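Let's walk through a protein model together, one question at a time. Have a look at it first.

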Amino acid sequence: MSKIILVTGPTRSGKSEWAETLAVQSNKAVVYIATATLDSNDEEWMQRVQQHQQRRPHDWVTLEVPEELSAALAEAKPNTCLLVDALGTWVANLLEQDDCNWQNTVQEFLDTVQLVAADLIFVAEETGWGVVPAYSAGRTFRDRLGSLVRQLGGIADTVYLVTGGYALNLNILGSPISGSGG
């Protein structure tokens with residue numbers, strides 16, 4: 001039986017490290033799905049990517065999947081653990097989609113997640129805790145990511161909130177809210 005785990009939290013909270021710990025604890029072969037695209041002109045971004053790479057065990061397989069996430073998940077083999085880091089970057093990569101295409105992409109993603117025979121661990125950023133962005137693209141990103149995280153949380157077996165270096169199991173501490181959150 002496969003598991004769906006969502007790890008969410010703010011920037012630099014430790015969410016990726018917690019997701020990596022959960023992947024190791026799965027005792028399965030791990031496939032790390034990186035949604036980021038590399039930009040050698042952005043030194044700070046490259047340093048962030050390098051930190052993630054250096055932390056990962058050498059026997060993990062890494063796939064760079066900036067857009068076709070559902071297709072990559074659909075190819076997962078049973079008895080593996082896929083760690084997707086991160087959904088916020090994936091949403092940003094597809095921000096140019098109109099609302100109709102985005103809704104189709106999300107539905108395909110959610111349908112695929114529920115059919116995968118592997119364990120799935122998703123890392124997602126929490127972006128809606130600050131001020132409302134002053135520009136349209138920022139509001140679209142924040143709203144799309146927030147809705148996606150809520151919908152995925154609704155089908156996940158376990159949802160963790162990582163903040164201040166602590167992982168909180170929301171299934172134990174919280175109560176689910178009915179509705180799709182779309």
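Here is a short chat about its sheet and a few backbone spots.

Tutor: Quick ground rules: this is a predicted model, where local features need pLDDT of at least 70, side-chain atom pairs count only at pLDDT 80 or more, and totals for chains, interfaces and linings use all residues. Residues are numbered from 1 along each chain as its sequence is written, and side-chain values use heavy atoms, with hydrogens and water left out.

Student: In what order do the seven strands sit in the open sheet?

Tutor: Strands (E, at least two residues) and helices (H or I, at least four) are DSSP runs, numbered from the N terminus. Two strands pair if DSSP finds at least two bridges between them. The pairing here is mixed, and the order is S3-S2-S4-S5-S1-S6-S7.

Student: Which strands stand at the edges?

Tutor: Look for strands with a single partner, so that one side of each is left without a neighbour in the sheet. Those are S3 (61-64) and S7 (166-169).

Student: Which residue in S6 stands opposite Val-7?

Tutor: S1 (residues 4-9) and S6 (residues 158-163) run parallel, joined by four bridges. Opposite Val-7 you'll find Tyr-160.

Student: Is Asn-27 buried or exposed?

Tutor: Asn-27 lies in the loop between H1 (15-25) and S2 (29-34), and its phi is near 60°, a positive value in a residue other than glycine. Buried means under 20% relative accessible area, exposed over 50%, and partly exposed in between (1.4 Å probe, protein chains only). At a relative accessible area of 72%, Asn-27 is exposed.
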